[in-house]
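Hi everyone, thanks for coming.

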Amino acid sequence: MTQDFRSAAPPAAEPLQDAPPSVVWSDAQLLLLALQVDPVGLGGVWLRAGHGPVREAWLAQLARAMGQRPLVKVPHHIDTERLLGGTDLTHTLQTGKLQWQEGVLAQAHGGIATLAMAERLSPATVAQMLYTLDRGRIRQHHGEADCRFGIVALDESGEDEPGLAPALADRLGVWLSLDTVSRCDSLNTLELLSADELARTQSELHKVQAQDQDVGALCQAALALGIDSLRAPLLALQVARVHAALHQRHTLAQEDLALAARWVLAPRATVVPQPVQEPPPEESDSQPPPPEAPPPDQAQDNESPAPPPPEEQGASEQAEMPTDQELVEMLLAAAAAALPPHLLDRLLLQRQSPQKGVRAAHSGSSGQAQKHTMRGRPLSPRAGKPHAGARLHLLATLRAAAPKQTLRRKPQGMQTPARNRISLWPEDFHIQRFEQRSPSCLIFAIDASGSAALERLAEAKGAVEILLQQSYARRDSVCVLAFRGAKAEVLLPPTRSLVRAKRALAGLPGGGGTPLAMALQLGLEQAMQVQRAGMTPSLVVLSDGRANIDLAGMGGRAQAGADALALAQRWALSPWAALWIDTAPKPEPLAQALARSMGAHYLPMPHVQAQRMAAAMQTLRGA
Amino acid sequence: MALTFPFAAIVGQEEMTLAIQVVAVDPSIGGVLVLGDRGTGKSTAVRALADLLPPIQVVQGCPYGCDPAAKNPCAHCQAARAASGKKLPTLERPVPVVDLPLGATEDRVVGALDLEKALTQGVKEFAPGLLAQANRGFLYIDEVNLLEDHLVDLLIDVAASGENLVEREGLSVRHPARFVLVGSGNPEEGELRPQLLDRFGLSVEVRTPQDLALRVQVIKRRDAFERDPAGFRAEWEAANQKLRKNILKARSALERLEVGDDLLHLCAALCQKLGTDGLRAELTLLRTTRAMAALRGAKKVTLAHLREIAPMVLRHRLRRNPLDDTGSSVRVQRAMDEVLGGDGSKPAHAVAAPQPGAARG
């Protein structure tokens, strides 16, 4: 089944998520061939897949595909020295000479670096890696060496988690999700290229020429899909080239470009391509996105014969050259069929709070992950003996001992240590110190229901703004939840960007019931997530406490009140502080009772003034 | 040395390339802060910066790359001068453009005990860090808004004093660290501390070009570069050379150019209007306008130059009301219209760079 499977690439316009998972798997198989041919040029793969036999099967094949070329694993907690190279302490200690140890990235040169749990990589690690990737060089013991590699980022993050660092994802060519593939699909494997085939394909790759038309079509498709980054069309071009080389073509055929659109462009789309759609507001200075799907009559106006329908694209080599417009249209069809299923939802959300593309939904991640590294920010090591609670700082200890080695080696009436040992004396010991300041994240749960809050929503927003300003000054993160009608939702995931918080708030509409219990539940969930990210959450509820929608989303004050109370009590069990700002015109007993059972500080809105608020926040943090 | 994308081959992004050239003409303006989306060529432009700069003379063997003519050289050069009693041998080398990656350790940035020397020879010696490498050159921080606080503190201090003072591990070293700070980042991912913002002379905002032809050109050039870096660089060498010459010419013109009192008044009025703190904004405005005029080969500094450059200088210096949604570019434009009067006179040499403020609405 090998050869024909390879040549019969999946039809360009096959919808990905509706297609049987076997198509996804065959895509993944084809990707292995592409990686085998050009592991470096493709940038890499963002592989979204849970840990399991499917992913293992793919990785095992990847290892076979790489053959003699390096395939190194990078654990998510790797330190800079191991990543980029540095002193090999063990060896240095043994020999008494400075020994340089090559970093894993240097070892990956010419091959692939696999990032396990890539979503948990610290921004520092990501930055170091991208720095090397962008420059294609790495520091060696003396001087520099070439270091070019592809990245396979294994991402196991769930829907609600921040996922891969955007800067990293941007540089990875192919974004692929294996989540729908089942075990039995994965048993079908594709035979990899033999050594001869590989050598031939690689020499073909150098001969593949991209026409201006091809580049133009990819750029236009990217533009129509709302992809801002210019890396995307560049990477797509390389994918198309590799695919062409696999088919021994020297020019790019439609199916090469279609595959590139499907693999590279579609997953990055931020706009559903529609001819009538208004261009996003920030593009107002340029011409509207190209009309990617002209009406049929217009297509017929073109001199060339009617374009081959997408299903027949396998035979496109014989077909006449398509016009630019048709090419773009075909690419968009291929990409549109593979658009991520949640794109529409995300775009709808985005419309409520006018801001840029889907990136906004993701971009909190980097800031959040950064907090993660700030936990226990290391201070400079200090001389002292290691004991419980203070770890030995090996490097600092060695540094302290190093200058004295020559002295200590000289006979001073005492036994001379062996020449190849380092003599450590008690005075050399240094211990590690951390500053224990876990950054905090304020979670705002804002009641936007119709009941009492509607008239006071503006005031509530004002109150939140005061708080935002304070948290800005303190470099806290904020996270905004809103609840109204039958649901509570995360308006803004934890971020340090005040501008975004402000925007999210401004776009918040009012009206509907008061699903207080849902809000508290969401707040609790969010708090747990924030804590996992290494921050200390605190909750600020702005509500009058008059719940009338229960957890199940049904109306009814009694049940709604009971549910809210139950969740308030659950919050009380958590270690985190809370503040309740009562938005009712005059202090509302219901809100007071809820705040009490939550163990929250209670502040009626009429008294909300900057100063009091500041004091309340102070106690909140102190708690 | 890794091959970088040639500066002259950068397509579009006029505001960013202009800002970088202006700083190359007069480094005393301070650094450039480039804010914008991913994949817009921010890092490419900054790393290509070395193309623009003529090589510098350094004292041979000096770890900090001291200027042979420096009045107060580093300790190393002082000792060498005292020992030899005559002129030190010099060396020509490119202006350093040093990358400071986000995760860099303090040791790596500031410098630390030279472990190798200590281990092998038992000598206590200072191994210079990135700050030393960047002396007399540029220090580039990608994603500067995500830089850890303790590194930011450190940079703010060194950038202000031009000197790196190391007191650690029994070492006490003081060495020159004068560099131009260049930062880039995506503002949606986090904000910059005002103190650090202030250290940047100019700030520019970049966007992905929405013009198809421009995009295609970017992709084609980049692709050509990736396929044959050396060949592509050779192809653009002449254009790079031209840019470099232009900058050299502008540098020598800098001293001759006088800024009239009327323009100084306008600068002051503009800053006053916008309520920028301190005199730094005015000083930078003055220097930048002059560098701009020099770059354009003008005989005189004119209002048009001021108008063209003012948004870059002032945009990030407005007193922050973090909850005011009005874009800072708009606020600067408004003040400019008010103080400089209407938008009547177009810049005299508007060919190369469109008026930055006007395009933003």
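Let me begin with a definition: a crossing of two helices is left-handed if the near helix is turned anticlockwise from the far one by less than a right angle, and right-handed if clockwise. Before we use it, please keep in mind that this is a predicted model, where local features need pLDDT of at least 70, side-chain atom pairs count only at pLDDT 80 or more, and totals for chains, interfaces and linings use all residues. Residues are numbered from 1 along each chain as its sequence is written, while chains are lettered from A and ligands numbered from 1 in the order in which they are written.

Axes are lines fitted to C-alpha atoms, for helices over the stretch in contact, and angles run from 0 to 180 degrees between N-to-C directions.

The axes of α9(A), residues 195–207, and α11(A), residues 231–246, come within 8 Å and cross at roughly 130 degrees. That makes α9(A) oblique to α11(A); under 35 degrees counts as roughly parallel, over 145 as roughly antiparallel, 65 to 115 as roughly perpendicular, and the rest as oblique. The crossing of α9(A) and α11(A) is right-handed.

Which residues of the two helices make the contact? From α9(A) we have A:Thr201, A:Glu204 and A:Leu205, and from α11(A) A:Arg241, A:Val242, A:Ala245 and A:Leu246. Contact means that the C-beta atoms, placed from the backbone, lie within 7 Å. The residues of this contact of α9(A) with α11(A) divide into 4 nonpolar, 1 polar and 2 charged.

Now over to chain B for another pair. Helices α11(B), residues 261–274, and α12(B), residues 280–295, have axes that come within 9 Å and cross at roughly 140 degrees. That makes α11(B) oblique to α12(B), and the crossing is right-handed. Here B:Leu264, B:Cys267, B:Ala268 and B:Cys271 of α11(B) meet B:Ala281, B:Glu282, B:Leu285 and B:Leu286 of α12(B).

On to the sheets. In chain A, 6 strands form an open sheet with mixed pairing, in the order β14-β13-β12-β15-β16-β17; two strands pair if DSSP finds at least two bridges between them. At the edges stand β14 (487–495) and β17 (601–604) of chain A, each with a single partner strand, so one side of each has no neighbour in the sheet. The twist averages 15 degrees from one strand to the next.

Within that sheet, β12(A) and β15(A) run parallel and are joined by 7 bridges, with A:Ile446 partnered by A:Leu542 of β15(A). β16(A) and β17(A) also pair in the parallel sense, over 4 bridges, and A:Trp580 has A:Tyr602 of β17(A) as its bridge partner.

Helix α24(A), residues 589–598, lies across β15, β16 and β17 of chain A, at about 180 degrees to β16(A). Together, β16(A), α24(A) and β17(A) make a right-handed β-α-β unit: with the strands pointing away from the viewer, the path from the first strand over the helix to the second runs clockwise.

Conventions:
Ala, Val, Leu, Ile, Met, Phe, Trp, Tyr, Cys and Pro count as nonpolar, Asp, Glu, Lys and Arg as charged, and the others, Gly among them, as polar.
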